[in-house]
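Thank you all for making the time this morning.

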Amino acid sequence: MAYNITVIPGDGIGKEITDGAVEVLKAADKKFGLGLNFAYHDAGGTAYDKFGTPLPQETIDACKASDGVLFGAVGGDKWDKVDPAKRPEKAILGLRKELGLYANLRPVKVADALIEYSPLKPELVRGADLVIVRELIGGIYFGEKCESEQHNGVERAWDLENYSVPEVERIAKLAFETAKLRRGKVTSVDKSNVLATSRLWRRTVEKVAKDYPEVECNNLYVDNCAMQIAVKPTQFDVIVTGNLFGDILSDEAAVVGGSIGMLPSASIGECTSLYEPIHGSAPDIAGKGIANPIGTILSAAMLLRYSLHEEAAADAIEAAVDKALAEGYRTPDLWKDGFTKVNTSEMTKIISERV
Ligand SMILES: NC(=O)c1ccc[n+]([C@@H]2O[C@H](COP(=O)([O-])OP(=O)(O)OC[C@H]3O[C@@H](n4cnc5c(N)ncnc54)[C@H](O)[C@@H]3O)[C@@H](O)[C@H]2O)c1
Ligand SMILES: CC(C)[C@H](C(=O)O)[C@@H](O)C(=O)O
Ligand SMILES: [Mg+2]
């Protein structure tokens, strides 16, 4: 059996962290005889510089033809002034759309070894284990937009939010199915006290909930949810929400676990699935070799589990990450006195050796 994996390093720390994840995947391949083949493709600002587009057709085709995509990150100040249609971020948005990746699963689990790194008190974070199910190809991200127009003598811009019932139904079903395999609770997050799209979201989720009587379902407004994540993260099992709210809440939830560099994600849908850390290209630390590769390494483990169904290899990678942390190895984002400070490639090697 052989598997073809498309690797898209992207920009900033993208190369450092995907190099780390590929090295760990190679260690798993060696141990479990998976038959992994890796093919590298361009996207983001790097692709824009080379080809004048952040998402070459060849990259899209390669993703569609492969068994799984490992994505680093895109973006950076260098491209802030380019035509908005050609910004590096358009690469990941375009790939999500092209691959029909309607659901983004962002699991937040606080490793025992990292409890004291959380900005929250240890007694609040101990046992926190939730997954954000973010709708990924709809909402305001993909609605009609206007960069600039004159309206009553003043300049304005606008972005249109819209959601259809089928779009909400499919993400809601996935959230309930996910909850059935976990602790059986779904929290749907919206802003239905203000937004029409949120009112449609809420009534659609409530309709889907009727098909899952064994799953407890509650609703929260997004502003309250943001507060509740900080007040009592252990109350959540599955959070289902739209594209924009999911983006914001997942960065907040990530740091409950100590560092945004730790959080992986899986984007699934109609075609090949894509795996990426939730963080960005971190221009402030790019090129220094100090980025935390764990979010990407755990994304690679999700690729093995969900796309290749190689459970044992995925388990081995996750256990190796836990072991490296338990033994006290830390990249600078998580380092404190008394622990061993390591850089990206050292952390990668330590995890690979423990696979
Ligand atoms: N999926 C993606 O490709 C993606 C996701 C988010 C942001 N971005 C892009 O990345 C660029 C920078 O955005 P930002 O600064 O708002 O967010 P960011 O996630 O890149 O960085 C936020 C902060 O977290 C730190 N950080 C992030 N990942 C880290 C890691 N692995 N190890 C250690 N520290 C880490 C950074 O150093 C920075 O201080 C922007 O162009 C943005 O559009 C891309
Ligand atoms: C880079 C950007 C388009 C992206 C998003 O907003 O979805 C990122 O923030 C993420 O969380 O994956
Ligand atoms: Mg984000």
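This is a predicted model: local features need pLDDT of at least 70, side-chain atom pairs count only at pLDDT 80 or more; totals for chains, interfaces and linings use all residues.

**Starting from strand β4**

Let me begin with strand β4, residues 103-109, where 6 of the 7 residues are buried, so this strand is largely enclosed by the rest of the structure.

Which strands does β4 pair with? On one hand there is β5, residues 129-135, which runs antiparallel to β4 and is joined to it by 7 bridges; if you want a place to look, R106 has I132 as its bridge partner in β5. On the other hand there is β11, which also pairs with β4 in the antiparallel sense, here over 3 bridges, and in this case you can find L105 standing opposite A266 of β11.

As a reminder, strands of a sheet pair through backbone hydrogen bonds, either parallel or antiparallel. If we now step back from β4 to the sheet that holds it, we find an open sheet of 10 strands with mixed pairing, and its order reads β2-β1-β3-β12-β11-β4-β5-β10-β8-β9. The edges are taken by β2, residues 36-40, and β9, residues 216-221, and because each has a single partner strand, one side of each is left without a neighbour in the sheet. The partner of β2 is strand β1, residues 3-10, and these two pair in the parallel sense over 5 bridges, with T6 placed opposite A39 of β2.

**Two domains**

The domain assignment divides the protein into domain 1, which covers 1-110 together with 258-355, and domain 2, which covers 119-256. Their C-alpha centres lie 24 Å apart, and the contact between them involves 20 residues of domain 1 and 24 residues of domain 2. On the domain 1 side of this contact, α4 and β4 each supply at least two residues, and the largest share, 7 residues, comes from β4. By class, that side of domain 1 divides into 12 nonpolar, 4 polar and 4 charged residues.

Which residues of α4 are buried? They are K90, A91, I92, L95 and R96, and these buried residues pack against α2 (45-51), α3 (57-65), β3 (68-73), β11 (266-268) and β12 (274-275). After α4 comes G100, whose phi is positive, near 65°.

Ligand 1 has 22 residues around it, and the closest are G75, G261, H279, G280 and N292; by class, this shell holds 10 nonpolar, 8 polar and 4 charged residues.

**One residue, then the whole**

Let me pick out I294, which is found in helix α10, residues 294-307. Is I294 buried or exposed? With 29 other C-beta atoms within 10 Å, where 20 or more are needed, I294 is buried. Leaving aside residues up to four places away in sequence, I294 touches G261, M262 and V321, whereas between the C-alpha atoms of I294 and V131, which are 163 residues apart along the chain, the separation is 17 Å.

Finally, the protein as a whole, which has 12 helices and 14 strands. Its radius of gyration is 20 Å, close to the 20 Å that the globule rule gives for 355 residues, so the protein is as compact as a globular protein of that length. The C-alpha atoms fill a box of roughly 60 × 50 × 45 Å along the principal axes, and buried residues make up 50% of the 355 residues. Of the contacts with a separation of 6 or more, 75% are between residues 24 or more positions apart.

How values were computed:
Residues are numbered from 1 along each chain as its sequence is written. Chains are lettered from A and ligands numbered from 1 in the order in which they are written. A residue is near a molecule or strand if its C-beta atom, placed from the backbone, lies within 6 Å of it. Ala, Val, Leu, Ile, Met, Phe, Trp, Tyr, Cys and Pro count as nonpolar, Asp, Glu, Lys and Arg as charged, and the others, Gly among them, as polar. A residue is buried if 20 or more other C-beta atoms lie within 10 Å of its own, exposed if 12 or fewer, and partly exposed in between; C-beta atoms are placed from the backbone. Helices (H or I, at least four residues) and strands (E, at least two) are DSSP runs, numbered from the N terminus. Two residues are in contact if their C-beta atoms, placed from the backbone, lie within 7 Å. Two strands pair if DSSP finds at least two bridges between them. Domain bounds come from an automatic or database domain assignment. The radius of gyration is taken over C-alpha atoms; the globule rule is 2.2 Å times the number of residues to the power 0.38.
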